[in-house]
Amino acid sequence: MFLYALRRLIYLVPVAFGVSLLVFALVHLAPGDPISAIVPPDSPKEMVDKLKEYYGFDKPLPVQYLRWLGVTLTGDLGTSIGTGRPVATEVTTAFGNTIILAIAASLLAFSLAIVLGTAAAYAKSRLVDRLVTSISLVGVSVPHFWLAIVLVIIFAVELGVLPPMGIGPENSTGWRFDRAHLAHMVLPTIALSVIPLGVVTRTVRATIKETLSMEFVTALQAKGMSDRQILVHVLKNAAPTCLAVMGLQAGNLIGGSILIETVFAWPGTGFLLNSAIFRRDLPILQGTTLVLAFFFMMLNLTVDMIQTMLDPRIKRG
Amino acid sequence: MFKRVRVAAASVGLLAATAMPAFSQGTLRIGMTAADIPQTTGQPDQGFEGFRFAGYTIYDALVNWDLSKADAIADIKPGLATEWAPVEGEPTKWIFKLRQGVKFHDGSDFDSDVVIWNLEKILNDKSPQFDPKQAAQARQRVPTLIAWKAVDKYTVELTTRVANALFPYDMSYIFYSSPKRWEELGKDWVKVALQPSGTGPFKVDRAVPRERLELARFDGYWDKSRVPKLDKVLLFPMPEAATRTAALLAGQVDWIEVPAPDAVPRLKQGGMVIVTNKYPHNWAYQPSMVEGSPWSDVRVRKAANLAIDRAGISKLLGGLMIESKGVVYPGHPWFGSPSFDIKYDPAAAKKLLAEAGYSATKKPKIKIAISTSGSGQMLPLPMNEYVQENLNAVGFDTEFEVMEWNALVTFSFQPVTGDASKKAGTNAINISRATVDPYSAFMRLYHSDFVPPKGANWGILKDPKLDELINKAHSSFDRAAQTKALAGVHSYIVDQAYWVYIAHDLNPRAMSPKVTGFVQAQSWFQDLTPVTMK
């Protein structure tokens, strides 16, 4: 197991390298350039050229990439062209804000999904099954940014019970665990949890239904085990598949949602990426994407490890 | 229906009970359209929204804008300079007399050394204080400034490349940050951005990137008539229009910039006040004037101008525009008296096209580069589609090359003969323009010397008579003669229908009825100092 984990960690290096190359190529392929995003429209060419030279955009792309890679390997992700602030600081702050939201949305979505999915799989009544299936269908079908706007209209504008935007009240900086900040989290958390709720509910329902039809369940029933004891066995058997899906969904949430964070003006990675895309802030785009890719890979590795621990039949490596 | 929802929300409401703290009467909260707080070191980014909230609030220019009137176009007035004039017999040299007794927020003094230090900051890349980010925002604002020196403690001499009577307007865009603060913070502009020091009516209390900018009243402001009445101004980046609307309706902010036209009825229903006024903004098509372009025929240009139902577009925008009749709107001091009246007259448009040799089988083909969104672009897609229908109805064959805002700006860095336009096959471009001062309204857009990359004459308009008229305006040192010359320039441009003029934005902002004392100037910039909160 340890050797497997080590080998997977070593594999991360070429994958991270590949991701960085891909990100670099993609952001340079897009039309527009970072200097025209920071200067007013009719800036003299001499000024634009000088800035290109200052930021190193006058160099050939391979040279630019190697310079960026060199700086990145030292742990310094460079400086934002748009704000002049260090990319590492920008990404760390934004990532922290996104993680808070992602954890809350994951907890809400996964716990509800496990309950609903299991209930649907066990349900004798077709009504319960259909109700849960409908909820999961709505979850995967409804555009979450639309739902976000609807939630804001109902709970912030019409009822006035929740704040419509921001990470916290005006007199505070960043996020902290108190009632006021939690209130700011309610609507974005609900909006963000809708997709993973739908996806995971469907997976849990299907996997548990499949597990329930297995022979070992009949054997457990024949042995006289209680339903509760059988449920534990069923959940354990269904867990690896569900965990794999949850891992991917959690990864997506940690990646931040550009739309949800923009609707709620939540200063996370999605909000940061949105602003960086429009400003063609290449160092921010590259730095954020690289950090997110790294976390996504780490998360997948963690899920793989947990799956193996839960079900030793899954042999890795 | 909401009754039931209200009950369901009761528990959530308890959680939120402390989420919206009460603010003191003197705190104004504004939702900006920017996705981040503007640069606070001196020269703001984020276009003129940056100037509005992080420029004239924290800083002063030598020449400020008089933003106290709603019924007249904003003009320049003394700022950190009390007076200015060209040197007798040497029109390229200007003497600026500086205001005495002005203090920065950090307590240091403002004098001629500070002026020179700040000009070096943006114009001399060898100076230790040179900041490329501020230079990027400032250099094109002072295109003719080539030399600067301190004459004495409160006098500076500035030299321009050519005689430029409108140079004081250029100096209204250059702000003065404190050299002392820069020294104190290890000569690091990134640190200065978090604790800047200017001479403006507001000082920065706190700058939290991507979250908010907190400004507080500067009691030591030199202009006692403009010491802010507010205790604080909080500025929040909210790029999404629906978010700004919801934040205002929910009481999380008191003022939002640029509400979406379709949200205006809901805002009014919620008791909010929609404030608008004319200001120097122009939404038009800038055509290609090179040989072979259909636009090089004045009859085609006039036909396009007469084909557009501007009242219909205004209806589409909920009335948040002025129907354009030129570069500036009627009533503006530079409007003049053009003989060509830009209006909706499709029959006359058809006639002009026929006179120009076009017919149903031989239509003038026009392809316009447009954006999906962008600063000052209003609602570019529906507006352009509306215009397309109008133009095609009189016999044009109209196409668009649609791109994202940043791509369009980059596209405009090359003239119509550049590779980008050639590849796209475009012969017009739709970029809204700020026409704040004579240079930005005429010189950079219509003078033959200002073809990109030097200026923004994208269509390569070359008209020696117009060049002469513009040059004349720029060399008229007498204000009345200058205004008359500019009116002459404008009349000539409209008579030649050099662009297709469509709309002027109305600079809409929505605010809570608690906001009082605000006077919306006819300007991109606004004065927050007289505002109070009920």
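Visitor: What handedness does the crossing of H7(A) and H8(A) have?

Guide: In this predicted model, the crossing of H7(A) and H8(A) is right-handed. The contact involves His144(A), Leu147(A), Ala148(A), Leu151(A), Val152(A) and Phe155(A) on the H7(A) side, and Leu187(A), Ile190(A), Ala191(A), Leu192(A), Val194(A) and Ile195(A) on the H8(A) side.

Visitor: Why are H7(A) and H8(A) called roughly antiparallel?

Guide: The axes of H7(A), residues 144-158, and H8(A), residues 179-212, cross at roughly 150 degrees and come within 9 Å. Angles over 145 degrees count as roughly antiparallel, and H7(A) and H8(A) are therefore described in that way.

Visitor: What makes up the contact of H7(A) with H8(A), in terms of nonpolar, polar and charged residues?

Guide: Eleven of its residues are nonpolar and one is polar, while none is charged.

Visitor: How do you know that H1(A) and H13(A) are roughly antiparallel to each other?

Guide: For H1(A), residues 2-29, and H13(A), residues 282-310, the axes cross at roughly 150 degrees and come within 9 Å. With the cut-off for roughly antiparallel set at angles over 145 degrees, H1(A) and H13(A) therefore qualify as roughly antiparallel.

Visitor: Which residues make the contact between H1(A) and H13(A), and how do they divide into nonpolar, polar and charged?

Guide: From H1(A) the contact includes, among others, Ala5(A), Arg8(A), Leu12(A), Ser20(A) and Phe24(A), and from H13(A) the residues include Leu282(A), Gln286(A), Thr289(A), Phe294(A) and Met305(A). The residues of this contact divide into 16 nonpolar, three polar and one charged, and H1(A) passes H13(A) in a right-handed crossing.

Notes:
Residues numbered from 1 in each chain as written. Chains lettered and ligands numbered in written order. Predicted model: local features only at pLDDT ≥ 70, side-chain atom pairs only at ≥ 80, totals over all residues. Axes fitted to C-alpha atoms, helices over the stretch in contact; angles between N-to-C directions. Helix = DSSP H or I, 4+ residues; strand = E, 2+ residues; numbered from the N terminus. Parallel < 35°, antiparallel > 145°, perpendicular 65-115°, else oblique. Left-handed = near helix turned anticlockwise from the far one by under 90°. Contact = placed C-beta atoms within 7 Å. Nonpolar A, V, L, I, M, F, W, Y, C, P; charged D, E, K, R; others polar.
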